Amino acid sequence: MKSTALANANIALVKYWGKRDEKLILPQNSNVSVTLSELSTITTVEFSDDYDEDIFILDDKVTSGKDKERVLSQLDMVREIAKSSQKAKVVSKNNFPTAAGLASSASGSAALVMAATDAIGLNLDKKDLSILARRGSGSSCRSIYGGFVEWNKGEAGDGTDSYAKKIESYDYWPELRVVVGVVTLSEKEVKSRSGMKQTVETCPFYDGWLKSVDKDILDVKEAFKNKDFSLLGKTSEHNALKMHALMIATVPSIIYWNPSTIRIMNAVKLWRENGLESYFTIDAGPQVKLLCLEKDEQEIISRLKAVDGVIDVISCKLGRDAKIIYEHLF
Ligand code: 2P0
């Protein structure tokens with residue numbers, strides 16, 4: 001009744017920002033991500049009659065409040081499918097800063113459902129794991145897979161057709177890199193969940209976003225197919241800026257950037273003008289992720305490290321599928 005899973009974080013190239021169903025976590029638009037090799041969560045789950053209540057320990061701290069509630073509600077879903085009432089102990093570790101916009105909820109929820117379903121003896125396929133992960137945190141449905149991944153928004157009211165599928169495997173484009181510039185270790189002030197709800201409710205440009213996203217998805221898929229780095233980068237960068245434009249035009253306004261974020265954005269444009277090709281994408285936090293090719297990786301890393309306010313740089317390849325591992329955390 002004990003199992004451990006490892007899932008990698010992912011970064012969206014075409015973003016998810018807004019739900020059409022808050023409870024089931026169904027997105028307004030389809031979206032596309034790349035799974036990141038170096039950012040991961042490992043989670044061990046044990047179901048046992050010895051536990052009187054569920055326990056959740058994240059990065060060595062016993063959690064309570066919203067973080068714990070999310071885990072409990074996912075455990076409840078797993079118990080319901082398995083027709084079990086056993087309580088569980090969950091221990092989870094991120095190898096990167098939690099909740100600062102490096103997609104910890106994505107890798108966390110994916111690792112949790114994979115470990116919990118395995119521990120309780122369910123043998124779910126990846127589609128069902130993706131749906132269960134989605135119920136914990138939308139973007140996590142993409143972290144079940146490695147490589148390039150699409151979360152199709154689906155049409156059904158019950159969410160049964162809203163799950164992720166792999167577009168290309170982790171080894172499809174070995175030269176591609178995502179270099180993460182860490183500019184803060186603090187947790188963000190506005191959580192994605194409330195921020196995106198505010199945007200759907202108040203942003204006057206939201207319809208324009210929805211009208212333009214499908215073309216971005218076609219373009220990134222075309223870029224994957226032809227390994228067209230420029231098209232991939234341009235589309236991803238523009239899509240990220242469009243999402244941040246929505247956030248800025250939300251009432252009250254949500255600005256996730258800090259001065260270092262803007263310094264990196266300006267630097268990347270300048271580097272490009274001078275022949276070093278790289279593009280940025282930014283999620284719901286100040287961290288910046290740069291897309292580049294292997295031939296420019298070392299130059300990008302050293303230039304990024306030199307930008308004022310950059311605390312750490314993590315260079316990723318395309319990550320692999322989430323998986324069960326055999327070294328437990330307790
Ligand atoms: C994404 N983000 O596509 C977008 C881009 C952040 C910016 O998905 O409410 O933690 O749990 O579904 O998945 C972050 O939001 O939100 C996110 P919920 P989630 O990666």
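User: Where is the place of Q287?

Analyst: Helices (H or I, at least four residues) and strands (E, at least two) are DSSP runs, numbered from the N terminus. Q287 sits in the loop between β11 (279-281) and β12 (288-293). A caution on the source: this is a predicted model, where local features need pLDDT of at least 70 and side-chain atom pairs count only at pLDDT 80 or more, while totals for chains, interfaces and linings use all residues. Residues are numbered from 1 along each chain as its sequence is written, and side-chain values use heavy atoms, with hydrogens and water left out.

User: Is Q287 buried or exposed?

Analyst: Go by relative accessible area. Buried means under 20%, exposed over 50%, partly exposed in between (1.4 Å probe, protein chains only). Q287 has a relative accessible area of 0%, so Q287 is buried.

User: Which backbone atoms lie 2.7 Å and 3.0 Å from a polar atom of the side chain of Q287?

Analyst: Look for polar contacts. These are pairs of N or O atoms within 3.5 Å; within protein, one must be able to donate a hydrogen and the other to accept it, and residues adjacent in sequence count only if both atoms are side-chain atoms. For the Q287 side chain, the backbone nitrogen of V183 is at 2.7 Å from a polar atom. The backbone oxygen of T184 is at 3.0 Å from a polar atom of that side chain.

User: Now the ligand. How many residues surround the ligand, and which are the closest?

Analyst: Check heavy atoms. A residue is near a molecule if one of its heavy atoms lies within 4 Å of it. Here 18 residues surround the ligand, and Y16, K19, G138, S139 and R142 are the closest. By class, the shell holds seven nonpolar, five polar and six charged residues. Ala, Val, Leu, Ile, Met, Phe, Trp, Tyr, Cys and Pro count as nonpolar, Asp, Glu, Lys and Arg as charged, and the others, Gly among them, as polar.

User: Which helix gives the most to the shell around the ligand?

Analyst: Helix α4 (residues 192-202), with three residues. Domain 1 (2-172) and domain 2 (176-316) each give residues to the shell, so the ligand lies between them. Those bounds come from an automatic or database domain assignment.

User: Which side chains have an N or O atom 2.7 Å or 2.8 Å from an oxygen atom of the ligand?

Analyst: In R142, a side-chain N or O atom is 2.7 Å from a ligand oxygen. In R193, the distance from a side-chain N or O atom to a ligand oxygen is 2.8 Å. The ligand has 470 Å² of accessible area on its own, and the protein covers 95% of it. Such areas come from the Shrake-Rupley method with a 1.4 Å probe; for residues, only the protein chains shown count as cover. Backbone atoms take part as well: a backbone N or O of G138 is 2.7 Å from an oxygen of the ligand.

User: What should I look for in the backbone angles?

Analyst: Most residues other than glycine have a negative phi, and most peptide bonds are trans. In D59, phi is positive, near 50°. D60 also has a positive phi, about 70°. D59 is placed in the loop between β5 (55-58) and β6 (61-62), and D60 is found in the loop between β5 and β6. D59 is partly exposed at 24% relative accessible area, whereas D60, at 62%, counts as exposed.

User: Which residues does a cis peptide bond join?

Analyst: V251 and P252, with omega about -10°. P252 is in the loop between α6 and α7 (259-273).

User: How do I read sequence separation against spatial distance?

Analyst: Compare C-alpha positions. H238 and T281 are 43 residues apart along the chain, and their C-alpha atoms are separated by 8.4 Å. H238 belongs to helix α6 (residues 229-248) and is partly exposed at 46% relative accessibility. Another pair, E273 and T250, is 23 residues apart in sequence and 32 Å apart in space, C-alpha to C-alpha. E273 is in helix α7 and is exposed, at 64% relative accessible area.

User: How many helices and strands are there in the protein chain?

Analyst: Eight helices and 14 strands. Buried residues make up 56% of the 330 in the chain. A compact globule of 330 residues would have a value near 20 Å, and the protein chain has 19 Å, which agrees. Its C-alpha trace spans about 65 × 40 × 35 Å along the principal axes.

How values were computed
Rg over C-alpha atoms; globule rule 2.2 N^0.38 Å.
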